[in-house]
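Colleague: Hi, I'm new to this structure. Could you walk me through it?

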Amino acid sequence: MPSLSSKTLLSALAGAASVAAHGHVNNIVINGLSYQAYDPTVFPYMASPPVVAGWTSGNTDNGFVAPDAFASGDIICHKDATNAKGHAVVAAGDKVFIQWNSWPESHKGPVLDYLANCGSSGCETVDKTALEFFKIDEVGLIDGSSAPGTWGSDQLIANNNSWMVQIPANIAPGFYVLRHEIIALHSAGQENGAQNYPVCFNLQVTGSGTESPAGVFGQSLYTPTDPGILVNIYQSLSSYTIPGPALIDGASSIAQGTSAITASATAITGSATAAPAQTTATSAVATSAAATSAAATSTVSSSVVGVSSSAPVTTAAPVASATTSAASSPTGCPGAAKRRARRAARRAARRHARDLGLN
Ligand SMILES: *[C@@H]1O[C@H](CO)[C@@H](O)[C@H](O)[C@H]1NC(C)=O
């Protein structure tokens with residue numbers, strides 16, 4: 001069957017191109033403040049990974065969640081994800097700039113964003129399987145005239161591997177999980193061939209919105225045979241049905257653009273309303289950015305002090321973790337800790353290479 005073999009060849013070529021590696025989100029930027037994400041390729045090997053606004057996840061190979069896991073907890077915030085222990089603050093109507101470290105051109109597909117309300121106790125302890133996600137942004141097929149088409153993922157790559165999403169202005173204040181996702185369709189012509197790359201962040205949304213949109217459980221977002229999941233992109237497509245629920249009223253997928261970082265911010269812990277805390281090594285520019293952000297949220301400056309002192313240092317250099325593990329290990333020395341970290345990194349690299357070989 002000629003059509004099958006050419007399709008298989010195209011899939012194989014797409015897989016080969018992916019040797020450039022998949023990616024993960026490095027950080028998010030809100031009004032110039034950069035919050036570190038959970039780095040699945042580094043943090044799992046750290047003795048004391050920093051508390052960040054990004055959920056932990058077990059995709060140490062930058063891998064994906066397959067459709068046969070759509071009904072499992074893994075689809076919610078990626079493999080074995082656990083709650084982020086901190087959060088970022090954003091006003092309803094403001095934008096969140098999500099920076100991936102890289103994205104392979106072959107991994108074409110839609111980019112989607114969801115929110116789910118965590119309730120008054122915040123997202124740091126919420127049961128992920130109880131979260132009900134509503135969609136606030138989606139970009140699927142942009143131009144399908146020439147296979148494999150131009151997709152949201154291409155727009156993300158053109159936007160410096162980054163994505164801008166607006167928190168709808170009508171959303172009620174509260175604690176939310178932001179679920180950002182790319183679905184790669186290069187192998188989606190066969191069942192269980194799509195690749196979902198979800199990533200979650202805890203946000204505290206401020207403002208005066210009033211809407212609490214209904215959502216769906218993460219485990220109910222997609223099925224393996226949705227038309228936007230089981231689809232052959234190696235043919236010209238006149239349309240594409242983006243999977244998942246419809247966009248909520250008041251949400252819009254905005255024009256892409258970048259957001260300059262003016263300062264680093266540490267994730268805020270606890271469920272009290274608090275302004276973004278900043279790392280100590282900041283400049284005059286950073287200070288004024290913090291003042292602006294704090295003014296935008298309904299907070300008192302005294303809470304910033306409390307948060308700053310309890311917030312962990314965000315520096316995520318593997319060397320820092322090696323030092324920490326050496327200090328906490330009775331037999332450890334800095335040299336041994338560094339060697340352990342290097343061995344762990346090599347193991348991760350080998351796993352990644354194997355994953356790409358299977359791709
Ligand atoms: C593009 O992304 C890189 C890496 O995240 C960053 O260092 C650089 O500043 C970004 N460029 C722009 C224009 O945002």
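Colleague: Great. What should I know before looking at details?

Modeller: This is a predicted model, where local features need pLDDT of at least 70 and side-chain atom pairs count only at pLDDT 80 or more, while totals for chains, interfaces and linings use all residues. Residues are numbered from 1 along each chain as its sequence is written.

Colleague: What is the mean pLDDT of the protein?

Modeller: The mean is 79, and 69% of the residues reach 70 or more. pLDDT is the predictor's confidence in each residue, from 0 to 100.

Colleague: And where is the pLDDT below 50?

Modeller: Residues 279-339 are one such stretch, which has 91 contacts in the model beyond near neighbours in sequence. Two residues are in contact if their C-beta atoms, placed from the backbone, lie within 7 Å. The pLDDT also stays under 50 over residues 352-359, with 8 contacts beyond four places in sequence.

Colleague: OK, the big picture. How many helices and strands are there?

Modeller: The protein has 7 helices and 14 strands. Helices (H or I, at least four residues) and strands (E, at least two) are DSSP runs, numbered from the N terminus.

Colleague: How much of the protein is buried?

Modeller: Of the 359 residues, 46% are buried. Buried means that 20 or more other C-beta atoms lie within 10 Å of the residue's own; exposed means 12 or fewer, and partly exposed is in between, with C-beta atoms placed from the backbone. As for contacts between residues at least 6 apart in sequence, 76% of them join residues at least 24 apart.

Colleague: Let's move to strands. Which strands does E2 pair with?

Modeller: Strand E1 (residues 25-30) pairs with E2 in the antiparallel sense over 4 bridges, and strand E13 (residues 263-266) runs parallel to E2, joined by 3 bridges. Two strands count as paired if DSSP finds at least two bridges between them.

Colleague: Which residues of E2 are buried?

Modeller: Leu 33 and Tyr 35 are buried on one side, and Ser 34 and Gln 36 are buried on the other, leaving both faces of E2 (residues 33-36) covered. The hairpin of E1 and E2 has 2 residues between the strands, and Asn 31 there takes a positive phi near 50 degrees.

Colleague: What is the order of the open sheet?

Modeller: The 6 strands run E3-E11-E10-E5-E6-E12, with mixed pairing. Strand E3 (88-91) and strand E12 (216-217) are at the edges with a single partner strand each, so one side of each has no neighbour in the sheet. Inside this order, strand E5 (residues 111-117) and strand E10 (residues 174-184) are antiparallel and joined by 7 bridges, with Asn 117 partnered by Tyr 176.

Colleague: Which residues touch the most other members of the largest nonpolar core?

Modeller: They are Ile 28, Ala 88, Leu 115 and Tyr 176, in a core of 75 residues. E10 gives the most to this core, with 7 residues. A nonpolar core is a set of buried Ala, Val, Leu, Ile, Met, Phe, Trp, Tyr and Cys residues joined through C-beta atoms within 7 Å.

Colleague: What does Ile 28 touch?

Modeller: Leaving out residues up to four places away in sequence, the contacts of Ile 28 include Tyr 35, Ala 88 and Phe 201.

Colleague: Where does Asn 160 lie?

Modeller: Asn 160 is in the loop between helix H3 (152-158) and strand E9 (162-166). Its phi is positive, about 60 degrees, although Asn 160 is not a glycine. Most residues other than glycine have a negative phi.

Colleague: Is Asn 160 buried or partly exposed?

Modeller: Asn 160 is partly exposed, with 13 other C-beta atoms within 10 Å.

Colleague: Last one: which peptide bond is cis?

Modeller: The bond from Ala 147 to Pro 148 is cis, with omega near 0 degrees, and Pro 148 is in the loop between strand E7 (141-143) and strand E8 (150-151).
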